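This report describes a protein chain, one topic at a time. Please look at the sequence and the structure before reading on.

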Amino acid sequence: DEGTEIKDEHEVVQRAELIPGAAELVRELKQRGYIVALVADGPTGSFHNIYHQHELYDCFDVFAISGEVGVEKPDARMFQHALNQLA
């Protein structure tokens, strides 16, 4: 939930609350055997911090984060990066 983000001086999110039901949904998808990918815009550290905070980081099989990929959504390279990790 972007409205709850606490960022540092580099705009990296240190803490944030999730949208209600989001954590349960991700855990349920993973438990059912789905491949779970995160395709997101922002600094890598933000997603590392948030998903570790909520004990969800290990639920994701692949990450395509604009801070690492070097482009932002909807650039197809973001999605291709995620797909390449699954190959």
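Predicted model: local features only at pLDDT ≥ 70, side-chain atom pairs only at ≥ 80, totals over all residues.

## Helix H2 and its buried face

Helix H2 covers residues 44-53, and four of its residues are buried: Ser 46, Phe 47, Ile 50 and Tyr 51. Looking down the axis of H2, these buried residues fall within an arc of 105°, so they line one face of the helix.

Just after H2 comes Glu 55, with a positive phi of about 55°. Glu 55 is a residue other than glycine, and its place is in the loop between H2 and E4. Glu 55 counts as exposed because its relative accessibility is 68%, and the cut-off for exposed is over 50%.

## The largest pocket

The volume of the largest pocket is about 580 Å³. It is lined by 25 residues, and those closest to its centre are Glu 2, Glu 5, Phe 47, Ile 50 and Tyr 51. Phe 47, Ile 50 and Tyr 51 are also among the buried residues of H2.

Which element gives the largest share of the lining? That share comes from H2, with four residues. Helix H1 (22-31), strand E3 and H2 each supply at least two residues of the lining.

## Aromatic rings

The model has three aromatic pairs. One of them joins Phe 60 and Phe 63: the ring centres are 5.6 Å apart and the planes make an angle of 45°, so the pair is tilted. Both Phe 60 and Phe 63 are buried.

Ring pairs also build a cluster, made up of Tyr 51, Tyr 57, Phe 60 and Phe 63.

## Salt bridges

How many salt bridges does the structure hold? There are five salt bridges. One of them is between Glu 5 and Lys 7, whose closest N and O atoms are 3.6 Å apart. Glu 5 is partly exposed, at 28% relative accessible area, and Lys 7 is partly exposed too, at 41%. Glu 5 and Lys 7 are linked with Glu 11 in a network of salt bridges.

Another salt bridge connects the side chains of Glu 28 and Arg 32, with 2.6 Å from N to O. Here Glu 28 is partly exposed, at 32%, while Arg 32 is exposed, at 61%. Asp 75 and Arg 77 also form a salt bridge, with their closest N and O atoms 2.7 Å apart. Asp 75 is partly exposed, at 23%, whereas Arg 77 is exposed, at 52%.

## Glu 11

Glu 11, a member of the salt-bridge network, is located in the loop between strand E1 (6-7) and E2. Its relative accessible area is 48%, so Glu 11 counts as partly exposed. Glu 11 is not a glycine, although its phi is positive, at about 70°.

Which residues is Glu 11 in contact with, leaving aside neighbours within four places in sequence? They are Pro 43 and Ser 46. Glu 11 and Gly 42 are 31 residues apart along the chain, and their C-alpha atoms are separated by 9.0 Å.

## Ala 23

Not counting residues up to four places away in sequence, Ala 23 touches Leu 18 and Leu 56.

A C-alpha distance is also given for Ala 23 and Cys 59. These two residues are 36 residues apart along the chain, with 9.8 Å between their C-alpha atoms.

## A cis peptide bond

The peptide bond that runs from Lys 73 to Pro 74 is cis, and its omega is near 10°. Pro 74 sits in the loop between helix H3 (66-69) and helix H4 (76-86).

Key:
Residues numbered from 1 in each chain as written. Heavy atoms only, no water. Buried < 20%, exposed > 50% of the residue type's maximum accessible area, 1.4 Å probe, protein only. Arc of directions from axis to C-beta. Phe/Tyr/Trp six-rings, centres within 6.5 Å; stacked < 30°, edge-to-face > 60°. Salt bridge = Lys/Arg side-chain N within 4 Å of Asp/Glu carboxyl O. 1 Å grid on protein atoms, 1.4 Å probe; cavity = no way out; pocket = protein on both sides within 12 Å on 5 of 7 lines; lining within 4 Å. Points joined across faces, edges and corners; volume = space filled by probe spheres on them. Contact = heavy atoms within 4.5 Å.
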